[in-house]
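The sequence and structure come first.

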Amino acid sequence: MKKRLFIISIFFCQFLFSQKSAKSLPCYDLTEILKVEPTSLYKPHLDASRSFNVKILKTTATVQKYINSGKFHSIKKSGKGFKVQKLDYSRAWMVSKGKATLEKIGARFSKETKGHTFTVTSVTRTLEDQCRLRKVNSNASLGISSHNYGNSFDISYVRFNGVLKNNPKMEAALEKVLKYYANAGRIYYIKERQQSCFHVTVRNY
């Protein structure tokens with residue numbers, strides 16, 4: 001009986017150790033992620049991201065380090081011309097130019113549309129956030145994302161004034177504003193059809 005209890009204890013300890021080890025290991029393989037080549041359309045976004053001297057955001061601790069140093073600034077839940085939806089897979093923190101540019105885009109959109117608002121659906125993501133996101137969305141980036149540097153955000157083009165609905169007029173007004181800032185050298189943006197959003201990356205202007 002004692003022998004049986006001893007064997008059970010060994011297996012239980014091994015199980016706990018394996019569980020602890022699994023939790024301590026990251027859910028991503030950075031080596032494999034870095035091997036993924038960005039498309040020619042996306043490469044400028046990554047180049048712009050790296051110009052802010054922010055290292056790839058791997059974990060919450062990495063984000064906290066930039067918050068503590070004053071490099072990252074909090075994004076309010078709402079501002080003139082925009083609202084930030086509940087973020088399950090990203091964090092409402094960005095580099096200062098990212099925050100300022102989002103606010104300028106919102107204010108200009110509000111002015112152009114006489115008070116309407118757009119919805120921000122994603123902001124800064126760690127590699128761990130991205131890993132969790134891939135479990136529920138297979139379209140999430142396999143490689144490094146500009147969201148991993150704290151200077152990108154997504155704007156839905158099917159959700160205005162808090163209402164989920166196709167609105168060609170508002171969508172056109174939003175893209176007009178984005179084109180203005182892109183032409184001014186302030187941002188890059190891509191229309192992501194699968195996610196129904198504009199992926200916006202702020203440049204280090």
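The structure holds six salt bridges, a salt bridge being a side-chain nitrogen of Lys or Arg within 4 Å of a carboxyl oxygen of Asp or Glu. The model is predicted, so local features need pLDDT of at least 70 and side-chain atom pairs count only at pLDDT 80 or more, while totals for chains, interfaces and linings use all residues. Residues are numbered from 1 along each chain as its sequence is written, and side-chain values use heavy atoms, with hydrogens and water left out.

| Salt bridge | N to O distance |
|---|---|
| Lys-86 and Asp-88 | 2.6 Å |
| Arg-91 and Asp-129 | 2.5 Å |
| Lys-191 and Glu-171 | 2.5 Å |

How exposed are the partners? Buried means under 20% relative accessible area, exposed over 50%, and partly exposed in between (1.4 Å probe, protein chains only). Lys-86 is exposed at 65%, and Asp-88 is partly exposed at 44%.

Asp-129 forms its salt bridge with Arg-91, and this pair links distant parts of the chain, 38 residues apart. Asp-129 belongs to helix 6 (residues 127–136), whereas Arg-91 sits in the loop between strand 3 and strand 4 (93–95). Helices (H or I, at least four residues) and strands (E, at least two) are DSSP runs, numbered from the N terminus. The relative accessible area of Asp-129 is 2%, so this residue is buried. Arg-91 and Asp-129 also belong to a network of salt bridges that includes Arg-132.

In the salt bridge between Glu-171 and Lys-191, the partners lie in helix 7 and in strand 8 (residues 187–192), so the pair ties together parts that are 20 residues apart in sequence. Glu-171 counts as buried at 17% relative accessibility; Lys-191 is partly exposed at 27%.

The nonpolar cores come next. A nonpolar core is a set of buried Ala, Val, Leu, Ile, Met, Phe, Trp, Tyr and Cys residues joined through side-chain atoms within 4.5 Å. The largest has 25 residues, and those touching the most other members are Ile-105, Phe-109, Phe-118, Val-120, Phe-153, Leu-174 and Leu-178. At least two residues of this core come from each of strand 3 (82–84), helix 5 (96–113), strand 5 (118–122), strand 6 (152–160), helix 7 (168–183) and strand 9 (197–202). Helix 7 gives the largest share, six residues.

Contact means heavy atoms within 4.5 Å. Not counting residues up to four places away in sequence, Phe-118 touches a set that includes Gly-81, Phe-82, Leu-102, Ile-105, Phe-109, Ile-155 and Leu-174. Among its other partners are Lys-83 and Arg-159.

A second, separate core has nine residues, including Ile-33, Tyr-42, Ile-56 and Tyr-149. Ile-56 is also in contact with Thr-62, as is Leu-57, when neighbours of Thr-62 within four places in sequence are left aside. Thr-62 lies in helix 4 (residues 60–68) and counts as buried at 16% relative accessibility.

The chain as a whole has seven helices and nine strands. Of its 205 residues, 39% are buried. Among contacts between residues at least 6 apart in sequence, 68% join residues at least 24 apart. The chain exposes about 12,100 Å², with carbon and sulfur atoms supplying 55% of that area; accessible areas come from the Shrake-Rupley method with a 1.4 Å probe, and for residues only the protein chains shown count as cover.
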